[in-house]
Amino acid sequence: MANSDRPTTVIADVYRGTFIHSTQTTAVQILEDALLGVDTQGKIAFIGKGKELDKLSQTFGFSPSAVTQLKQYEFFMPGMVDTHIHASQYSYAGTALDMPLLQWLNTYTFPVESRFKDLEFAKRVYTHVVKRTLRNGTTTACYFATIHTDASLLLGQIANDFGQRALVGKVCMDRNNSVKHYKETSQESQEETCRFIAELLNKKYPLVKPVVTPRFAPSCTGALLGQLGAIAKNNHLHIQSHISENTEEVKLVKELFPESESYTDVYHKYNLLTDKTVMAHGCYLSDKELDLFRETGASLSHCPNSNISLCSGMLNIRNVLNHKVKLGLGTDVAGGYSASMLDAVRRALDTSKVLTIQDPDHDTLTFEEVFRLATLGGSQALSLDDQTGNFEVGKDFDALRVDVVAPGAPIDLIQNEDPKILLEKFLNLGDDRNIVEVFVAGRNVVPFTEPTD
Ligand SMILES: [Zn+2]
């Protein structure tokens with residue numbers, strides 16, 4: 001391509017079968033007997049119809065015999081995007097769900113997170129969480145690590161090694177009255193954040209990037225929040241934090257930041273609400289606060305398992321969508337006990353249905369809408385929708401090969417069903433046994449290749 005402005009596309013893989021994804025206008029678009037080509041850069045080079053095989057093979061220079069044909073009851077869907085997960089809390093996932101947020105943090109979370117100074121412990125937990133989430137179809141994860149820079153860098157390395165797309169955040173907190181050894185000074189937090197960003201970017205991992213991560217307003221002084229806002233702005237970085245998860249927390253923020261009009265205003269004041277910001281929860285945001293989200297382009301991560309498990313609240317997604325705020329789903333491990341995005345899909349539907357039980361006028365979410373939130377919506381919430389989220393030409397091929405009748409999997413198909421029913425059954429009944437292959441940027445990352453040494 002040295003003498004040409006137009007690079008020649010070289011096709012690495014071509015798949016034929018059913019593809020299911022979301023678009024801007026359609027929550028579930030089904031492409032039956034489609035052909036999808038992936039180039040050597042892992043990008044989607046073309047999508048066409050099966051009957052166009054001869055024409056496409058000539059245009060793109062691949063052999064029709066090299067096409068991988070999906071079986072009956074198999075389909076491809078986009079990889080799922082977990083917009084909020086604490087990699088460091090994975091060790092106690094499935095336990096410790098008997099307290100409200102602030103006590104839960106002091107009793108379980110801070111003592112465990114303080115152990116990540118130990119890199120061997122960090123390596124063990126981070127390897128498990130990356131493998132578990134990938135196997136469950138999370139091709140993109142937005143991770144919280146801990147305050148420890150080197151362990152956070154290790155999480156980035158492990159995600160890169162396994163081929164997961166990830167935003168990784170070294171947690172910042174200069175306020176902690178309950179577990180006093182688990183905090184930084186403002187200066188440490190600022191310096192270590194800069195070191196973390198520089199060292200992670202220096203690795204040049206193609207799919208792993210740093211995200212500026214103030215834990216949440218109660219853990220940070222205004223001075224630190226201001227510094228972090230400036231760091232994110234100067235380096236054009238993503239930002240993640242928590243907002244308005246539980247009523248006690250909202251009250252606490254009011255006490256700690258009396259000069260701010262609202263919780264959202266605290267972050268806004270310190271330049272932490274941008275079009276690359278994702279805030280977890282938002283259960284108690286006012287309409288005015290949601291307007292501020294829309295105006296700044298900041299997004300929300302809905303984490304229904306966590307919201308229910310810690311008795312935090314129930315986010316009204318319909319209201320958020322009506323305000324045109326970008327929204328994705330998150331597992332929020334370990335406040336949420338499941339690392340699977342399929343669980344997040346189900347709990348999001350459950351939450352919406354409970355809201356309808358409470359108010360019959362509530363417009364219940366459909367499974368199609370929640371499918372979009374778990375894929376395209378998540379990529380938009382993380383401002384990564386130019387790279388992933390659906391099967392658009394030019395995006396990376398991040399995909400799950402789903403076999404609804406995979407041996408040993410929990411779905412019984414009694415009769416022939418159309419693809420939309422297969423999708424619905426997979427979302428409601430399926431698990432990782434139905435996800436027979438996972439691709440990130442064209443690379444087959446699940447099943448795992450065993451280390452050669
Ligand atoms: Zn969280």
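Me: Which share of the contacts between residues at least 6 apart in sequence joins residues at least 24 apart?

Reply: This is a predicted model, and the values given here are computed from it. A pair of residues is in contact if the C-beta atoms lie within 7 Å. Among contacts in the chain between residues at least 6 apart in sequence, the share that joins residues at least 24 apart is 74%.

Me: What is the radius of gyration of the chain, and why does it count as compact?

Reply: The chain contains 14 helices and 17 strands. For 453 residues the globule rule gives 22 Å, and the value for the chain is close to this, so the chain is as compact as a globular protein of that length. Its C-alpha trace spans about 65 × 60 × 40 Å along the principal axes. The radius of gyration is 22 Å.

Me: What percentage of the residues of the chain count as buried?

Reply: A residue is buried if 20 or more other C-beta atoms lie within 10 Å of its own. Of the 453 residues of the chain, the part that counts as buried is 51%.

Me: How many residues of strand E7 are buried?

Reply: Strand E7 covers residues 138-144 and is largely enclosed by the rest of the structure, because its residues are buried. Strand E6 (residues 80-86) pairs with E7 in the parallel sense over five bridges, and strand E8 (residues 165-169) likewise pairs with E7 in the parallel sense over five bridges. The number of buried residues in E7 is seven of the seven.

Me: Which residue in E8 is the bridge partner of Ala 141?

Reply: E7, helix H4 (residues 149-162) and E8 form a β-α-β unit, which is right-handed. On the pairing with E8, the bridge partner of Ala 141 is Ala 166.

Me: Which residue in the hairpin of E2 and E3 takes a positive phi?

Reply: Strand E1 (residues 11-21) runs antiparallel to strand E2 (residues 29-39), and nine bridges join them; here Phe 19 stands opposite Leu 31. E2 is also joined by five bridges to strand E3 (residues 44-49), again antiparallel, with Gly 37 opposite Phe 46. The hairpin of E2 and E3 has four residues between the strands, and the residue with a positive phi, near 85°, is Gly 42.

Note on methods. Residues numbered from 1 in each chain as written. Predicted model: local features only at pLDDT ≥ 70, side-chain atom pairs only at ≥ 80, totals over all residues. Buried ≥ 20, exposed ≤ 12 C-beta atoms within 10 Å, placed from the backbone. Helix = DSSP H or I, 4+ residues; strand = E, 2+ residues; numbered from the N terminus. Pairing = 2+ DSSP bridges. Right-handed = clockwise from strand over helix to strand, strands pointing away. Rg over C-alpha atoms; globule rule 2.2 N^0.38 Å. Contact = placed C-beta atoms within 7 Å.
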